[in-house]
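Trainee: I would like a close look at one part of this structure. Please take me through it step by step.

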Amino acid sequence: MNKKAFFLAVFTVLVWGSGFAAIRAGLLGGYTPGHLVLTRFLIASSVFVIYALWPGTKFRLPAKEDIVKILLLGWVGISVYHLGVTYGEETVSAGTAGMFIASAPIFTALIAVLVLKERLSAFGWIGMSVGFIGVVLITLGSEGTSFTVSKGGLLILLAAFATSVFFVFQKPLFAKYHPVELTAYFTWAGTIPFFIYFPGLWEGIQGATLEANLSTIYMGLFPAALAYVTWAIALSVSEAGSVASMLYAEPVVAIIVAWLWLKEFPSLLSMIGGVVAISSVLIINWVGMKQSPRVVKEVE
């Protein structure tokens with residue numbers, strides 16, 4: 001991974017890591033999950049509309065042949081991901097949610113092997129297996145000390161898989177579009193399904209606390225807009241698997257911010273699972289991944 005991609009990915013992970021606590025603050029402050037995702041992405045979508053219409057900005061519309069792909073990726077990477085995380089955080093702590101999303105590089109590496117023809121060594125496959133064990137432990141521990149499967153945990157795990165698909169399949173589009181343009185397309189596409197939550201939105205905003213509203217504004221401007229742009233730029237200049245491996249640091253940020261802000265801390269079992277999953281990411285990306293000698297072809 002080059003320096004530009006590294007620093008952009010670090011910035012993104014710091015912002016995204018803080019977003020888990022912000023989601024919890026919004027939910028605890030009176031927002032329903034549906035109203036929360038709609039409000040934050042109305043803000044993010046507005047940011048990109050302003051950017052696209054800003055005088056002197058060169059902003060192209062997507063080609064007709066790419067519209068379906070952009071819509072599908074927007075629905076998977078934005079709609080499915082954020083609904084999964086937000087509904088999941090109704091019952092799962094912010095730190096635990098961050099550990100779930102840290103498992104995304106495991107899925108990303110697997111998809112990269114199958115789709116982008118990146119190669120995985122024996123150590124890489126071992127790391128992948130260890131990672132799934134970690135994910136299972138996080139899931140079982142997300143209900144606290146009870147050894148049960150958490151519904152919220154499963155929703156966030158679905159979100160982790162969705163974002164992995166999003167990371168890998170958007171990469172070929174960077175050859176045709178600027179990362180800011182592409183992020184705007186995905187944001188607008190992903191916001192469309194959220195309009196099913198429009199009824200009662202204004203009343204929901206008025207009934208929420210000041211902290212919840214400020215948290216939602218922050219999420220719309222930074223995790224949902226700016227951080228997606230910096231992440232897209234990082235993906236456009238480096239390998240999907242390597243960039244996604246930076247997500248291993250996200251739960252550290254999520255746990256620290258949740259502890260300082262919300263006084264939340266993950267269960268011991270989830271913490272153990274998080275350590276196992278993060279260790280597997282290190283094995284996969286820093287030991288097991290090999291560069292393919294072939295030029296990676298675009299995903300059809």
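Trainee: How many residues line the largest cavity, and which of them lie nearest its centre?

Mentor: First, the ground rules. This is a predicted model, where local features need pLDDT of at least 70 and side-chain atom pairs count only at pLDDT 80 or more, while totals for chains, interfaces and linings use all residues. Residues are numbered from 1 along each chain as its sequence is written, and side-chain values use heavy atoms, with hydrogens and water left out.

Now your question. The largest cavity is lined by 16 residues. Nearest its centre lie Trp-16, Phe-20, Tyr-81, His-82 and Glu-250. A cavity here is a set of points, on a 1 Å grid over the protein atoms alone, where a 1.4 Å probe fits but cannot get out. Lining residues have an atom within 4 Å of a point.

Next, the make-up of the lining. Eleven of its residues are nonpolar, three are polar and two are charged. Nonpolar covers Ala, Val, Leu, Ile, Met, Phe, Trp, Tyr, Cys and Pro; charged covers Asp, Glu, Lys and Arg; the others, Gly among them, are polar.

Which helices supply the lining? At least two residues each come from α1 (3–28), α3 (67–88), α7 (151–170) and α10 (210–236). The largest share, four residues, is from α1. Helices (H or I, at least four residues) and strands (E, at least two) are DSSP runs, numbered from the N terminus. The chain has 13 helices and two strands.

Buried means under 20% relative accessible area, exposed over 50%, and partly exposed in between (1.4 Å probe, protein chains only).

Follow Ile-101. Leaving out residues up to four places away in sequence, Ile-101 touches Phe-20, Tyr-81 and Glu-250, among others. Contact means heavy atoms within 4.5 Å. Ile-101 is one of the buried residues of α4. Eight of the eight residues of helix α4 (residues 94–101) are buried, so this helix is largely enclosed by the rest of the structure.

Now α7. Thr-163 sits in this helix. It is buried, with a relative accessible area of 4%. With residues up to four places away not counted, Thr-163 touches Tyr-81 and Ala-104. Leu-154 is also in α7, but Leu-154 is partly exposed, at 44% relative accessibility. Its C-alpha atom is 9.7 Å from that of Val-85, which is 69 residues away along the chain.

Last, α1. Thr-12 belongs to this helix and is buried, at 0% relative accessible area. A polar atom of its side chain lies 3.4 Å from the backbone nitrogen of Trp-231. Thr-12 also touches Ala-227 and Thr-230, with residues up to four places away in sequence not counted.

Note on methods. On a 1 Å grid over the protein atoms alone, a cavity is a set of points where a 1.4 Å probe fits but cannot get out, and a pocket is an open set with protein on both sides within 12 Å along at least five of seven lines; lining residues have an atom within 4 Å of a point. A polar contact is a pair of N or O atoms within 3.5 Å; within protein, one must be able to donate a hydrogen and the other to accept it, and residues adjacent in sequence count only if both atoms are side-chain atoms.
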